[in-house]
Amino acid sequence: LEHYRQVLTFRRQQPPLLSGTIKLLETDDTSVLAFLREAGNETLICAFNFSDEEAATVDTTDVGPIEAIGFPGSAGRLEKGAISLPPLGLFVGRVN
């Protein structure tokens, strides 16, 4: 229960997650969902692996510089130009 409270609190603090537009990103893995959320001048990238296996990386070279923002339970890794997702993992980051 505490984890869900942390997630909801975090979400309320991020305008793009509340009312931003959404742009789906192409991935090579059908088990991965990746998208950008934008509100005002702030953009977040979100990636989710729905598989029980490590996901192929999500290419972020066309997105721009990204920094992880500490989403509760986020276990994805930001690597040079890509996001790597563990089984059932997620990543949320800010696009600079």
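Author: L25 has A34 as its bridge partner in β2. This is a predicted model, in which local features need pLDDT of at least 70, side-chain atom pairs count only at pLDDT 80 or more, and totals for chains, interfaces and linings use all residues. Residues are numbered from 1 along each chain as its sequence is written, and side-chain values use heavy atoms, with hydrogens and water left out.

Reader: What makes β1 and β2 a strand pair?

Author: Two strands (DSSP runs of E, at least two residues, numbered from the N terminus) pair if DSSP finds at least two bridges between them. Strand β1 (residues 21-25) and strand β2 (residues 32-39) share 5 bridges and run antiparallel, so they pair. A hairpin of 6 residues joins β1 to β2.

Reader: Why is the pair F35 and F48 called stacked?

Author: Rings of Phe, Tyr and Trp (its six-membered ring) pair if their centres lie within 6.5 Å; planes under 30 degrees apart count as stacked, over 60 as edge-to-face and the rest as tilted. For F35 and F48 the centres are 5.9 Å apart and the planes stand at 20°, so the pair is stacked. This pair links distant parts of the chain, with F35 in strand β2 and F48 in strand β3 (residues 42-49), 13 residues apart.

Reader: Why does F35 count as buried?

Author: Buried means under 20% relative accessible area, exposed over 50%, and partly exposed in between (1.4 Å probe, protein chains only). F35 has 10% relative accessibility and therefore counts as buried.

Reader: What makes F50 exposed?

Author: F50 has a relative accessibility of 57%, so F50 counts as exposed.

Note on methods. Helix = DSSP H or I, 4+ residues; strand = E, 2+ residues; numbered from the N terminus.
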